[in-house]
Amino acid sequence: MESFGARLHRAVAERGPLCVGIDPHPGLLDRWGLSDDVEGLDRFARIVVEALGDRVAVVKPQSAFFERFGARGVGILESTIRQLRNVGSLVVLDVKRGDIGSTVSAYASAYLDPSSPLYVDAVTASPYLGVGSLAPMFELAAAHGGGVFVLALTSNPEGAAVQRAVTADGRTVAQTVIDEISQLNKGAEPLGSFGLVVGATIGDTGHDLSGVNGPLLAPGLGAQGGTAAGLRTVFGSSLPSVLPSYSREVLHAGPDVAALRAAADRVLADCRLALAAS
């Protein structure tokens, strides 16, 4: 099976460097004139798929906003994933899972096994039980052409206390995560399948991302304060590996399909310009 890294590389070449999040929080449903229930959620998701599914390289549903409605919400998530993949989008499920042993193996099976109804192209994962604890995710992803984006340097202010703590060998915790993911991607072409999540609003990180050889997912653009032009400050020479991610900046244009498409086209143009500067 073709690797996630290869599929992502091709999708970005064909559709452009853009990931759009599906984050149907109550305020956004209300903004769209939709009810904060499973019917509103279903309508929201269907509109996003119609507007963007056949246009953007990557779509990133936030699982929690579906899970809050219980089994019916998860059912809508399953349907949304299928619809997106049927029209050619790569799906990164934002779940930020992390655990050990049989539990992390179960998470891997839930999202990265093709027999699962929640099967996606890639997931986000938390490394704070140790990067090695995520091995079942990496292994299943590799076996089935999937990907894993591991949290490294996040935009929330609380994250720095852990991520920038210095280990016994002088590296920060974040740098140890970066280095371990770099090892997993060594020798992969055209791009490794194991990526990092690095917030678009954190400024100069002071960390070395040059050896990752995998995708760098950059959330926080648009409504959260990050700009496409500011990506150079965050990523420097690693800019060609960046996958910019917008949510509210695009979704606020809904529910009109044409307006959603126009918003996605606008931010994509900004991203192309910023990344071309590399």
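This is a predicted model: local features need pLDDT of at least 70, side-chain atom pairs count only at pLDDT 80 or more; totals for chains, interfaces and linings use all residues.
Q: What makes strands S6 and S7 a pair?
A: Two strands pair if there are at least two bridges between them. Strand S6 (residues 194–198) and strand S7 (residues 216–221) have 2 bridges, in the parallel sense. So the pair meets the cut-off. In one of the bridged positions, Leu 196 has Leu 216 in S7 as its partner.

Q: Where does this pair sit in the order of the barrel strands?
A: The closed barrel has 8 strands, in the order S1-S2-S3-S4-S5-S6-S7-S8, with parallel pairing. From one strand to the next, the twist averages 30°.

Q: Which strands does helix H5 touch?
A: Helix H5 (residues 70–86) touches strands S1, S2 and S3. Contact means heavy atoms within 4.5 Å. The direction of H5 makes about 145° with that of S3.

Q: How do you know that the span of H12 is close to the expected one?
A: The expected span is 1.5 Å times one less than the number of residues. Helix H12 has 20 residues, and 28 Å is expected. From first C-alpha to last, H12 reaches 28 Å.

Q: Why do the buried residues of H12 line one face?
A: Seen down the axis of H12, they fall within an arc of 130°, so they line one face. Among them are Val 257, Leu 260, Ala 264 and Leu 268. Buried means under 20% relative accessible area. Helix H1 and strand S8 are among the elements that cover them.

Conventions
Residues are numbered from 1 along each chain as its sequence is written. Side-chain values use heavy atoms; hydrogens and water are left out. Helices (H or I, at least four residues) and strands (E, at least two) are DSSP runs, numbered from the N terminus. Axes are lines fitted to C-alpha atoms, for helices over the stretch in contact, and angles run from 0 to 180 degrees between N-to-C directions. Buried means under 20% relative accessible area, exposed over 50%, partly exposed in between (1.4 Å probe, protein chains only). The arc is that of the directions from the helix axis to the C-beta atoms.
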